Amino acid sequence: PLGDNFGWRTWDASTLAEEKTFFPMVRVVSEGYLSAMKVSLLAGQFFTQSDNASADRVAIVNQTLADRLWPNQEAVDQSLKTNGHAYRVVGVVKEARYFALEREAGTELYLPIRQMPSYNSVDLVVRARTSPTAVIPPLRQALRSVDPDLPTTQFRTMQQLVDKSTFSRRSVVLLLTGFAAFALILASLGVYATISYSVSQRRQEMGVRMALGATPQDLLHTVLRQAAKLAAIGLALGTVASWLVAKALGGLLYGVSAADLPTYATVLVLLAVFVTIASRGWMSSRP
């Protein structure tokens, strides 16, 4: 995953003409790969050790490829052609994100490596209950017992593959986060300064109102209502503008949508708090 990708021309073998031709990403795997990667089996079965060079050629497809080759039909036991050979589908699995985390999965075709003995480009996937550092030494010993010349230095965790895949986008997002935090600070200070200045300009008015019998609570409610109206207009316009800009940045996000409600709610509450604090500032300097 998140590494090398290649595709083969593939079509439904039941049609005389190559009417439904696709180029799915091909994965040549052993019988334990899909289980190790926790790719869910939706129909049929996984590969077994008996799927070797002397057995009938078999394949596993993901749901997307199954739907495109055989819409509204069961994919198991269907026949497809790829790489010059016909394969019988023995299983259908859930989609996996092989290109990038933020990209939707496409069509995928899995072939058993035991039926392709000349295939010599292999990555070993290991799932363990212990830490990666504890797994590496016995894994090196096991590989050396098979072939002392096998490389045993390029071990990478799945998290490292994910980090490498998302490094450029994560850097951009971190940079944008810094600008966003700075913009939020400026906006908060600007709101505070504007509201506070507006209230301070009404000191004489506040004094007259108090002389006529208005209580501090009455004046505070009046100021808060007026400030709330202005803040509501500004927050509404800012929310719409932020949503439009966030949609343009949606391609940089994974695991969170451009319209993330907790983020919007946090910013709105923070700015509303600054408006309230600024509105109450007149009490400390009232005439």
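A cavity, as the word is used here, is a set of grid points where a 1.4 Å probe fits but cannot get out, and its volume is the space filled by probe spheres set on those points. In this predicted model, the largest cavity has a volume of about 50 Å³, and the structure holds one cavity of 30 Å³ or more.

To display its lining, select Met 25, Arg 27, Ala 96, Arg 97, Tyr 98, Phe 99, Glu 104, Ala 105, Gly 106, Thr 107 and Glu 108. Coloured by class, this lining divides into five nonpolar, two polar and four charged residues.

Next, select Val 26, Val 61, Trp 70, Leu 80, Leu 109 and Leu 111, which have the most contacts inside the largest nonpolar core, a set of 17 residues. Two or more residues of this core come from each of β3 (25-29), β5 (58-62), α2 (63-69), β7 (85-93) and β8 (108-112).

Now centre the view on Val 26, which, apart from neighbours within four places in sequence, is in contact with Phe 6, Gly 7, Trp 8, Leu 109 and Leu 111.

Finally, select residues 132-146, the 15 residues of helix α3, whose first and last C-alpha atoms lie 21 Å apart, close to the 21 Å expected at 1.5 Å a residue. Within α3, show the side chains of Val 135, Leu 139 and Leu 143, which are its buried residues.

Note on methods: Residues numbered from 1 in each chain as written. Predicted model: local features only at pLDDT ≥ 70, side-chain atom pairs only at ≥ 80, totals over all residues. Heavy atoms only, no water. Core = buried A, V, L, I, M, F, W, Y, C linked by side-chain atoms within 4.5 Å. Buried < 20%, exposed > 50% of the residue type's maximum accessible area, 1.4 Å probe, protein only. Helix = DSSP H or I, 4+ residues; strand = E, 2+ residues; numbered from the N terminus. Contact = heavy atoms within 4.5 Å. Expected span 1.5 Å × (residues − 1). 1 Å grid on protein atoms, 1.4 Å probe; cavity = no way out; pocket = protein on both sides within 12 Å on 5 of 7 lines; lining within 4 Å. Nonpolar A, V, L, I, M, F, W, Y, C, P; charged D, E, K, R; others polar.
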